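Here is a short briefing on a protein chain.

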Amino acid sequence: MAKEEGSPVELCQRKKQKTAGSQEARAEKISKTPVPERAPKYVSCQRFAKIFIGCLAAVISGMMHVFYLSAYHERKFWFSNRQELEREITFQGDSAVYYSYYKDMLKAPSFERGVYELTHNNRTVSLKTINAVQQMSLYPELIASVLYQATGSNEMIEPVYFYIGIVFGLQGIYVTALFVTSWLMSGTWLAGMLTVAWFLINRVDTTRIEYSIPLRENWALPYFACQVAALTGYLKRNLNTYAERFCYLLMSASTYTFMMAWEYSHYVLFLQAVSLLLLDVFAEEQGDKVYEVYKIYIFSLFLGYLLQFENPALLVSPLLSLVGSLMLIKCLQLNGKKGTFVAKVIKVFKFYLVCTLPLTLNLIMKTFVPHKENEHVLKFLEVKFGLNVTKNFTLNWLLCQESLQAPSQDFFLRLTQSSLLPFYILVLIICLLSMTQVIFRRINGKSQKETVTLEDGRIGERPEIIYHVIHTLILGSLSMLMEGLKFIWTPYVCMLAAFGVCSPELWMTLLKWLRLRTVHPILLALILSMAVPTIIGLSLWKEFFPRLITELTELQEFYDPDTVELMTWIKRQAPVAAVFAGSPQLMGVIKLCTGWMVTSLPLYSDDDLLRRNENIYQIYSKRSAEDIYKILTSYKANYLIVEDAICNEMGTTRGCRVKDLLDVANGHVVCDEGDKLTYSKYGRFCHEVKINYSPYVNYFTRVYWNRSYFVYKVNTVISFQS
């Protein structure tokens with residue numbers, strides 16, 4: 001009886017098995033039920049519409065940025081209502097020098113003749129023939145002059161408007177490239193819109209276009225942004241052949257153009273190469289693509305070397321040493337079976353080669369390639385990082401420049417007020433933690449997925465994300481040391497922060513860590529990726545849009561009557577063969593506005609020009625009239641211009657005034673304990689020469705003055721009558 005009916009436990013187990021079996025049957029039935037799929041035509045149309053709207057938004061964003069820059073520039077300088085001389089005065093320092101060569105190219109009888117005169121230029125700096133194209137990277141001016149004449153624009157638009165229009169157009173491309181990069185990373189063009197909004201609101205820290213239009217970085221960084229966008233697409237997984245080929249070609253063209261437009265571009269590319277090296281360590285499957293990028297570097301370096309008149313700075317650059325060493329290590333094909341002792345030894349040997357071979361190769365190149373262009377850069381870095389101490393005027397003057405000092409608190413405050421910095425830090429932390437998680441998974445022997453889905457929540461496995469995180473960390477670290485690098489780093493911050501808040505995958509990564517059970521994580525990630533950027537956009541619109549409109553409607557005035565009067569006097573009274581001496585910044589303006597020869601230029605890539613600048617600055621030191629006279633006549637100077645703003649400078653940082661730096665270099669003050677004080681029996685030259693007493697009047701005769709400038713003729717016949 002008991003056997004026939006069975007025990008209650010057995011009946012319960014049978015019931016459970018029956019229930020489980022029925023559930024499996026239902027699940028199998030559901031899985032076999034065909035799920036209605038969207039027609040391929042509908043999917044392709046939807047994808048095309050998404051891409052079309054995104055591209056349209058990117059182009060419109062770039063165009064709106066161009067229109068904004070143009071309107072702001074007009075309101076700030078009243079450009080259309082000014083005479084040519086007043087317009088040219090708005091170009092200050094090295095910007096004036098760049099634009100002056102653009103004018104020279106337009107005045108040349110032919111393009112070939114203009115290029116020859118620039119490459120054998122002896123009409124700018126006295127007693128010196130320079131290759132201006134090589135030393136100042138004047139390829140943008142050459143191209144601009146060709147376009148101006150070839151398109152017939154000389155009959156429709158003035159040269160200055162054409163020049164400014166090209167630079168503003170490149171800024172539009174810059175913004176569009178940032179838009180596309182953020183879009184590629186997040187998968188939504190909403191991230192691109194937010195990137196552009198943050199870029200425009202924080203433009204004080206993202207670009208210097210408002211203050212110095214012809215700067216090399218304003219020509220070069222748009223191409224670098226295009227290169228980064230192409231590299232982002234190239235590093236993506238599961239990319240089809242045509243898209244990969246397009247990204248590679250765009251990356252090649254933009255890398256080479258970037259290198260030709262800026263003399264310091266190879267340093268920026270070196271930082272990018274280091275980021276790619278670390279990417280190769282984190283994501284080994286991307287090794288082949290990384291080395292294809294290295295080939296682009298090498299090709300661009302050697303082609304640039306040839307077209308930049310065999311520029312030795314490119315051969316001794318750290319970029320060539322690093323990439324050449326990595327390519328050599330790759331050719332050795334040092335591999336071993338994973339997990340074996342031999343494989344571990346090979347990894348250690350590879351690490352040793354990566355650390356030592358680039359330095360060795362760089363030393364070899366510097367031994368056999370004569371170079372002087374970058375010596376001052378290395379000396380500056382030694383002093384900047386505390387490896388050396390110097391009294392040299394030039395190095396200390398460079399250290400005192402705002403762009404080469406650590407960023408101020410106002411910089412971080414501005415980024416925080418626009419909500420950019422907090423979201424950037426949030427995105428960076430999530431990406432770094434996810435990357436760390438991936439590293440531990442690899443250490444534990446777990447393989448990575450070829451395709452990371454949204455449900456996985458592993459943002460740190462995507463190679464393009466790994467690259468951008470590493471690159472922004474390197475740029476950010478250097479920006480904390482030198483504020484000038486913020487103009488490369490801050491656009492990156494805008495792009496990365498916008499990508500993060502608009503990326504469902506990033507929110508999914510965070511939600512998987514939190515393990516929420518009340519709401520489905522995928523649904524919540526999608527909601528957050530739409531809601532958070534929308535809230536940010538509305539808050540930015542409410543707070544900053546009225547300010548932008550006010551900037552465009554508010555009339556500003558830039559007027560420098562003293563400089564206008566000085567330039568007018570030079571053009572009317574000074575002989576055509578006259579040579580002027582003064583501060584390098586003023587000499588750049590004189591070169592542009594008058595065309596007269598000068599003794600120095602505001603350029604810091606040539607050792608001889610740096611020595612000239614230091615010698616001419618002695619007019620603000622405690623030196624005798626005879627010493628100053630000997631310095632000026634050694635450069636064949638006919639006129640000396642003393643600027644009251646430098647002579648009576650009341651800087652906030654006392655040790656960074658020009659006269660203070662000169663006193664330190666000349667030993668007229670005690671800087672450190674143990675230094676000897678050299679007493680000078682002479683007063684400060686720029687003060688004493690204004691009093692018009694002997695012996696100053698014997699060497700110099702005042703011929704013109706106004707509130708800001710005092711012009712003295714250097715006497716050729718010296719009278720020693722008291």
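A contact means heavy atoms within 4.5 Å. Helices (H or I, at least four residues) and strands (E, at least two) are DSSP runs, numbered from the N terminus. This is a predicted model: local features need pLDDT of at least 70, side-chain atom pairs count only at pLDDT 80 or more, and totals for chains, interfaces and linings use all residues. Residues are numbered from 1 along each chain as its sequence is written, and side-chain values use heavy atoms, with hydrogens and water left out.

**Overall make-up**

- The protein chain holds 34 helices and five strands.
- Of its 722 residues, 49% count as buried. Buried means under 20% relative accessible area, exposed means over 50%, and partly exposed lies in between (1.4 Å probe, protein chains only).
- Among contacts in the protein chain with a separation of 6 or more, 72% come from residues 24 or more positions apart.

**Helix 32**

- Helix 32 spans residues 658–665, and seven of its eight residues are buried, so it is largely enclosed by the rest of the structure.
- The buried residues are Val658, Lys659, Asp660, Leu661, Leu662, Asp663 and Val664.
- These buried residues pack against helix 20 and helix 31 (644–647).
- Gly667 follows helix 32 and has a positive phi, near 75°.

**The sheet**

- Strands of a sheet pair through backbone hydrogen bonds, either parallel or antiparallel. Here, two strands pair if DSSP finds at least two bridges between them.
- Five strands form an open sheet in the order 2-1-3-5-4, with mixed pairing.
- Strand 2 (597–598) and strand 4 stand at the edges, each with a single partner strand, so one side of each has no neighbour in the sheet.
- Strand 1 (residues 579–581) and strand 2 run parallel, joined by two bridges. Val579 has Met597 in strand 2 as its bridge partner.
- Helix 27 (residues 561–573) packs on the sheet and touches strand 1, strand 3, strand 4 and strand 5. Its direction makes about 25° with that of strand 5.
- Helix 28 (residues 584–593) also packs on the sheet, touching strand 1, strand 2, strand 3 and strand 5. Its direction makes about 125° with that of strand 3.
- For these angles, axes are lines fitted to C-alpha atoms, for helices over the stretch in contact, and angles run from 0 to 180 degrees between N-to-C directions.

**Strand 5 and its partners**

- Strand 5 (residues 709–714) is mostly covered, with five of its six residues buried.
- Strand 3 (residues 639–643) runs antiparallel to strand 5, and five bridges join them. Leu640 stands opposite Tyr712 in strand 5.
- Strand 4 (residues 700–705) pairs with strand 5 in the antiparallel sense, over five bridges. Arg702 stands opposite Tyr712 in strand 5.
- A hairpin of three residues joins strand 4 to strand 5.

**Ser634**

- Ser634 is found in helix 30 (residues 625–634).
- Ser634 is partly exposed, with a relative accessible area of 41%.
- Thr599 is 35 residues from Ser634 in sequence, and their C-alpha atoms are 10.0 Å apart.

**Cavities**

- A cavity is a set of points, on a 1 Å grid over the protein atoms alone, where a 1.4 Å probe fits but cannot get out; lining residues have an atom within 4 Å of a point. Grid points are joined across faces, edges and corners, and a volume is the space filled by probe spheres set on the points.
- A search of the whole structure finds six cavities of 30 Å³ or more.
- The largest cavity has a volume of about 100 Å³. Its lining includes Tyr174, Leu221, Ile488 and Met495.
- Helix 9 (159–186), helix 12 (216–235) and helix 24 (486–502) each supply at least two residues of that lining.
- The lining of the largest cavity has 10 nonpolar residues, one polar and no charged. Ala, Val, Leu, Ile, Met, Phe, Trp, Tyr, Cys and Pro count as nonpolar, Asp, Glu, Lys and Arg as charged, and the others, Gly among them, as polar.
- The second largest cavity holds about 70 Å³ of space. Among its lining residues are Phe393, Trp397, Asn613 and Glu614.
- Helix 20 (393–399) and helix 29 (607–616) are the elements that give two or more residues to the lining of the second largest cavity.
- That lining divides into six nonpolar residues, two polar and one charged.

Note on methods: On a 1 Å grid over the protein atoms alone, a cavity is a set of points where a 1.4 Å probe fits but cannot get out, and a pocket is an open set with protein on both sides within 12 Å along at least five of seven lines; lining residues have an atom within 4 Å of a point.
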